[in-house]
Amino acid sequence: MKILKVDHIGIAVRNLAESAKLYDLLGIEPAGMEEVAEQKVKVAFYPLGDTEIELLESTSPDGPIAKYLEKNGEGIQHLALRVDNLEAALSELKAKGVRLIDEKPRYGAGGAKIAFIHPKSTGGILLELSERT
Ligand code: ZN
């Protein structure tokens with residue numbers, strides 16, 4: 001497996017429109033917004049150099065972002081690393097004993113294939129692996 005770069009930083013917010021004000025102040029233009037029904041989130045993307053900031057607002061009180069906000073409040077929720085081959089990365093990590101949340105890739109915002117690694121195996125960081133074609 002090969003890690004290519006920091007793909008994005010995922011930030012949990014209560015309200016995308018409210019949080020967008022900060023990025024307006026910073027002069028960072030949004031590149032788009034998408035709702036990912038499977039993860040019960042609305043996502044706004046802010047490209048920044050070779051990476052992106054991803055703002056995540058929950059669309060349901062029982063979604064993973066709603067649960068995160070309830071427990072931790074707003075803030076950085078995950079770090080995403082881009083890999084060249086997600087399926088190969090997952091089987092390699094599994095073979096090395098890394099605890100995975102997703103053993104198979106699933107759909108991520110922007111048409112990426114993504115999978116999460118359990119924070120128990122990463123020193124407390126929710127790590128997303130992402131592959132874009
Ligand atoms: Zn993400």
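Let me start with S19, which in this predicted model is buried, with a relative accessible area of 15%. Since the cut-off for buried is under 20% relative accessible area, S19 falls within that class. S19 is found in helix α1, and, if we do not count residues up to four places away in sequence, S19 touches V13, L55 and E74. The helix itself, α1, covers residues 16–26 and lies across β1 (3–13), β2, β3 (41–48) and β4 (51–58), running at about 155 degrees to β4.

That brings me to the sheet. The 8 strands form an open sheet with mixed pairing, and the order is β2-β3-β4-β1-β5-β8-β7-β6. At the edges stand β2 (32–36) and β6, each with a single partner strand, so one side of each is left without a neighbour in the sheet. In the case of β6, the antiparallel pairing is with β7, residues 113–117, over 2 bridges, and one of the pairs to look for on your screen is Y107 with its bridge partner K113 in β7.

Further in, β8 (127–131) has α3 lying across it, and α3 also lies across β5 (75–83) and β7, running at about 20 degrees to β7. How many residues of β8 are buried? The count is 5 of its 5 residues, so that the strand is mostly covered. In general, the side chains of a regular strand alternate between the two faces of the sheet. For β8 both faces are covered, with L127, L129 and E131 buried on one side and E128 and S130 buried on the other. As for partners, β8 pairs with β5 in the parallel sense over 4 bridges, where L81 has L129 as its bridge partner, and β8 pairs with β7 in the antiparallel sense over 5 bridges, where F116 has E128 as its bridge partner.

E128 leads us to the metal. Which residues are the protein donors of the zinc ion? They are H8 and H78, each through NE2, together with E54 and E128, each through OE, and they lie 2.1 to 2.5 Å from the ion. Along the chain these donors follow the spacing H-x45-E-x23-H-x49-E. Within that set, H78 in strand β5 and E128 in strand β8 are 50 residues apart, and the pair links distant parts of the chain. H78 counts as buried at 3% relative accessibility, and E128 likewise counts as buried, at 3%.

Is D102 buried or exposed? D102 is buried, with a relative accessible area of 11%. Its side chain makes a polar contact of 3.1 Å with the side chain of R106, and a polar atom of the D102 side chain also lies 2.8 Å from the backbone nitrogen of F116. Leaving aside neighbours within four places in sequence, the contacts of D102 are L90, A115 and F116.

Finally, a residue to check in the loop between β2 and β3, namely K40. K40 has a positive phi of about 55 degrees although it is not a glycine, and, at 30% relative accessibility, K40 counts as partly exposed.

Conventions:
Residues are numbered from 1 along each chain as its sequence is written. This is a predicted model: local features need pLDDT of at least 70, side-chain atom pairs count only at pLDDT 80 or more; totals for chains, interfaces and linings use all residues. Side-chain values use heavy atoms; hydrogens and water are left out. Buried means under 20% relative accessible area, exposed over 50%, partly exposed in between (1.4 Å probe, protein chains only). A polar contact is a pair of N or O atoms within 3.5 Å; within protein, one must be able to donate a hydrogen and the other to accept it, and residues adjacent in sequence count only if both atoms are side-chain atoms. Contact means heavy atoms within 4.5 Å. Two strands pair if DSSP finds at least two bridges between them. Axes are lines fitted to C-alpha atoms, for helices over the stretch in contact, and angles run from 0 to 180 degrees between N-to-C directions. Donors are N, O and S atoms within 2.8 Å of the metal (3.2 Å for Na, K and Ca); water is not among the atoms, so sites may look incomplete.
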